[in-house]
Amino acid sequence: MVTADLPGPESLLRRTLGEWRIGLVAWRLLVLQTADPAVAAGMTNFSTYRAHPWRRIEHTMDSGKRLFFSDREGLRREVARLERTHRRLAGTDEQGRPFTATDPAVRVWVLVTLYECMTAMRELSGHPLTASELDLMYAEFRAVCSEFDLPDDLFPATAADVPAYVDRTIRERLEYGEPVRYLLFDMLREASAPRRLGRLTPAWPLVRTLAAHVIGALTVADLPTAFRERFGLVRTRRAALLSFLLHRGMRVLMNALPEHRRYRTPLTGIPSALPLASTASGDPTSVPDAGPARVPAPRRRKGADSRAVRLRAFFRQVLDQTGDGRITSADLQAMAHNVCWPLELGPEREAPVYAAFETWWQQLRTSMDADADGQVSCEEFVTAMLAGIDASPVFLEQGLHVAMRAVFHAVDSDGSGHLCADEYRTIFGGSRVHPAELNHGFRQLDHDGDGRITEEEFVQAFTDFFTARSDSTAGSQLLGRP
């Protein structure tokens, strides 16, 4: 079979997908994808979207860039990485039905909804694509999808067949479950402030109420008619007016902007391989949270044992990736994913990270799951962790150390045996952590002041974080000053 050329800088697909206004249909896209029962089950059991919604969205957008704005080498690497990730997402949903993220029909639906949302964006703006433009963009879209090696007969044959495919899938397969309802009406009302809000963060509790209302109303108004009819969602006049004003207003604005301001992703694409230094240095906001976020500690009495407070904060903000108040294997695997994702690790370097975090989970489960329900609560974690630390000096070596050594070797991209400041930022960077805090943490771990951290210094810092009774120990400040 002849491999079709990938869309280039002047392609209709890149020009449509790359515009800032694609964000207006982003929530619509998430709702359509999540309404597939397998996607909903995967989100419920494995996704971090409740606890870390903005990071999850960043990762999704980042993956989209790699798929549709890369050369063939970068595209194939991203497809392979997605396939490795999806193989881990399988199980049984709440109704006892087996699901897997590798189901070809599910993967085709997730892909086609992206194309459908691009066409919807143009239609909602009052400037729909012509029949010939739809054919062109669908051909460009299918050229990218061909790298997924999915059966051709699962895709709509032509652009003209897409609306019927979407309508049929909505009426025959989609479901309006809790994940869909949560996305539409609750997610933004509960979400923490976006990382890039900066000095406006204190206003977020007020802003998010308005944002949730606007995005929810816009999304319902913009969803396909078949979706609203099947699940009883009402498109009010106010919501319809909001949709009209936003979509057409953004079209006018985008057309008025110079080209370099119009697109969120350069039309020339992204390099097939991003060197670690380019993601680790410079603007720290460009790096997704690869590892534990900064855990702020509340004030305590001078001389009091601070371990329990730190452990509870660590549980809530680092371990509980799915945000359901307990940890399972899925939470530890999500941590491994967030280490591997920004580093663009290949399978040979990715596998040891996942295996190490699974080892840590097995230790947590066997030593902490007091009621044998297959999950660990915050109090079970704190109680068992303190008991284990006090009982045996090797307790942390059997789990935490295994995971942290794997993280160290994954981040040590050049195999030097040391972490430089840039590599350190890939673990602890992000806009939630001020550069001064990063520099402070790095200096605390760099005992000899030579500008690099050894593996033993790195592991000892985590040991100190879990074991130090006071916050004056360097390792206790690993994630920032208390």
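Colleague: What links Asp62, Arg66, Glu78 and Arg81?

Modeller: A network of salt bridges joins the four. A salt bridge here is a side-chain nitrogen of Lys or Arg within 4 Å of a carboxyl oxygen of Asp or Glu. By that rule the count comes to 29. Keep in mind that this is a predicted model, where local features need pLDDT of at least 70 and side-chain atom pairs count only at pLDDT 80 or more, while totals for chains, interfaces and linings use all residues. Residues are numbered from 1 along each chain as its sequence is written, and side-chain values use heavy atoms, with hydrogens and water left out.

Colleague: What makes Arg72 and Glu147 a salt bridge?

Modeller: Their N to O distance is 2.6 Å, and the cut-off is within 4 Å, so the pair qualifies. Arg72 sits in helix α5 (residues 72–87) and Glu147 in the loop between α7 and α8, 75 residues apart. Helices and strands are DSSP runs numbered from the N terminus (helices: H or I, at least four residues; strands: E, at least two).

Colleague: Why is Glu147 called buried?

Modeller: Glu147 has a relative accessible area of 17%.

Colleague: Which salt bridges does Arg171 make?

Modeller: One is with Asp167 at 3.1 Å, another with Glu229 at 3.5 Å. Glu229 lies in helix α12 (residues 225–231) and Arg171 in helix α8, so that pair ties together parts 58 residues apart in sequence. Arg171 and Asp167 are 4 residues apart in α8, about one helical turn. At 53%, Glu229 counts as exposed, whereas Arg171 at 41% is partly exposed.

Colleague: How do you know that α3 is mostly covered?

Modeller: In α3 (residues 37–46), 7 of the 10 residues are buried, among them Val39 and Met43. The cover includes α2 (26–34), β2 (98–100), α6 (104–124) and α9 (178–185).

Colleague: How many disulfides are there?

Modeller: The structure holds 0. A pair of cysteine sulfur atoms would have to lie within 2.5 Å to count. As for the cysteines Cys117 and Cys340, Cys117 is buried at 2%, and Cys340 is buried at 2%.

Colleague: What makes Leu241, Phe244 and Leu245 a patch?

Modeller: The three form a nonpolar patch with about 300 Å² of accessible area together. Patch members need over 30% relative accessible area and no salt bridge; nonpolar side chains (Val, Leu, Ile, Met, Phe, Trp, Tyr) are joined within 5 Å, like charges within 9 Å. Phe244 has 40%, partly exposed, so it clears the area cut-off. Areas come from the Shrake-Rupley method with a 1.4 Å probe; for residues, only the protein chains shown count as cover. Phe244 belongs to helix α13 (residues 237–256).

Colleague: What does Phe185 touch?

Modeller: Leaving out residues up to four places away in sequence, Phe185 touches Tyr176 and Val220. Contact means heavy atoms within 4.5 Å. Phe185 is in helix α9 and is partly exposed at 34%.

Colleague: Why remark on the phi of Asp149?

Modeller: Most residues other than glycine have a negative phi. Asp149 has a positive value, near 55 degrees. Asp149 is in the loop between α7 (131–145) and α8 (162–172) and is exposed at 69%. Ala372 also has a positive phi, about 55 degrees, and counts as exposed at 66%.

Key:
Buried means under 20% relative accessible area, exposed over 50%, partly exposed in between (1.4 Å probe, protein chains only).
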